[in-house]
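Let's take a walk through this model together, a few side chains at a time. Have the sequence and the 3D view ready.

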Amino acid sequence: MKRTILSLLIILSIQLFANEYKGTTFRVLDEKDSYITGAKITVIGAKEVIIFSDLDGQFTVPAEVGKTFSLKIEMVSFREEVKEIDTTKPHSKSIELTSK
């Protein structure tokens, strides 16, 4: 009986940690709504972080950055984009880059 209860407690604690907030995910797109892979994103907030978009154009801003931050997105042959984000208010999860 003790083993069963202990097993249940371990499973429940693992589930709680698995649902932990890790950050906010965004997607970088071009004018035709195609994913932009490998875009350099500089996150400026409580902490400065450099991230690159993945094959689907997605990147996740870590929770440690804070609730308000700036995103500076750079990619060859596209105009640099700077976007102010406040996660306490509704905002778009897509960032569109325009060609130079």
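Start at serine 70, which sits in strand E5, residues 68–74 (strands, E, are DSSP runs of at least two residues, numbered from the N terminus). Keep in mind that this is a predicted model, where local features need pLDDT of at least 70, side-chain atom pairs count only at pLDDT 80 or more, and totals for chains, interfaces and linings use all residues. Residues are numbered from 1 along each chain as its sequence is written, and side-chain values use heavy atoms, with hydrogens and water left out.

Serine 70 is buried, at 14% relative accessibility (buried is under 20% relative accessible area, exposed over 50%, partly exposed in between, with a 1.4 Å probe and protein chains only). Leaving aside residues up to four places away in sequence, serine 70 touches Thr42, Val43, Ile44, Lys83 and Glu84 (contact means heavy atoms within 4.5 Å). With glutamate 84, the link is a side-chain to side-chain polar contact at 2.8 Å.

Now hop to serine 53, in the loop between strand E3 (48–52) and strand E4 (58–62). Serine 53 is buried too, with a relative accessible area of 6%. Its side chain reaches the backbone oxygen of isoleucine 36 at 2.8 Å and the backbone nitrogen of glycine 38 at 3.1 Å.

Last stop: lysine 89 and aspartate 86, whose side chains meet in a salt bridge at 4.0 Å, N to O (a side-chain nitrogen of Lys or Arg within 4 Å of a carboxyl oxygen of Asp or Glu). Lysine 89 is exposed at 53%, while aspartate 86 is partly exposed at 23%.

Conventions: Helices (H or I, at least four residues) and strands (E, at least two) are DSSP runs, numbered from the N terminus. A polar contact is a pair of N or O atoms within 3.5 Å; within protein, one must be able to donate a hydrogen and the other to accept it, and residues adjacent in sequence count only if both atoms are side-chain atoms.
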